[in-house]
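Thanks for asking me to look this one over. Here are my notes, in numbered points, to read alongside the model.

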Amino acid sequence: MLQVAGPSPAEFIPLMGMLTGVVSMVLITIGVIKVAHSPIGQALARRLHGKGGADPELREELLGLRDQVAELEHRLGESEERLDFAERMLAGRHEPERLPGGAPDEGRS
């Protein structure tokens, strides 16, 4: 009988597992290197070194936005007060008194 010589499945499976691990690690390493050289990686590096939060332009913009939000909150509060006043005025107003003699459509055909 003729037997074919070759790797048995017991030898082939661990070899493929090791190859998959090596390829995965190479791809992960390439991905990490690309992210490190990107603007996101550079921003993370500045943040880690403590140089990320000291941009004066960003600080001025942030303060301006805070002032704008405070002004909008003030205007919203005034609008709510005016709306409450208008609702109270409308709720206090009674319907006009009707003339005696019934409804105007009675007796018409």
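1. A word on burial to begin: buried means under 20% relative accessible area, exposed over 50%, and partly exposed in between (1.4 Å probe, protein chains only). Of the 109 residues of the protein, 2% count as buried.

2. Please keep in mind that this is a predicted model, where local features need pLDDT of at least 70, side-chain atom pairs count only at pLDDT 80 or more, and totals for chains, interfaces and linings use all residues. Residues are numbered from 1 along each chain as its sequence is written, and side-chain values use heavy atoms, leaving out hydrogens and water.

3. The fold reads α-α-α along the sequence, with 3 helices and 0 strands. Helices (H or I, at least four residues) and strands (E, at least two) are DSSP runs, numbered from the N terminus.

4. On confidence, pLDDT is the predictor's own score for each residue, from 0 to 100. Its mean for the protein is 82, and 76% of the residues reach 70 or more.

5. Now the surface: the protein exposes about 11,000 Å², with carbon and sulfur atoms supplying 63% of it. Accessible areas come from the Shrake-Rupley method with a 1.4 Å probe; for residues, only the protein chains shown count as cover.

6. Which helix holds methionine 16? Methionine 16 lies in helix H1 (residues 9-37), and it counts as partly exposed because its relative accessibility is 36%.

7. Aspartate 84 belongs to helix H3; its relative accessibility is 39%, so aspartate 84 counts as partly exposed.
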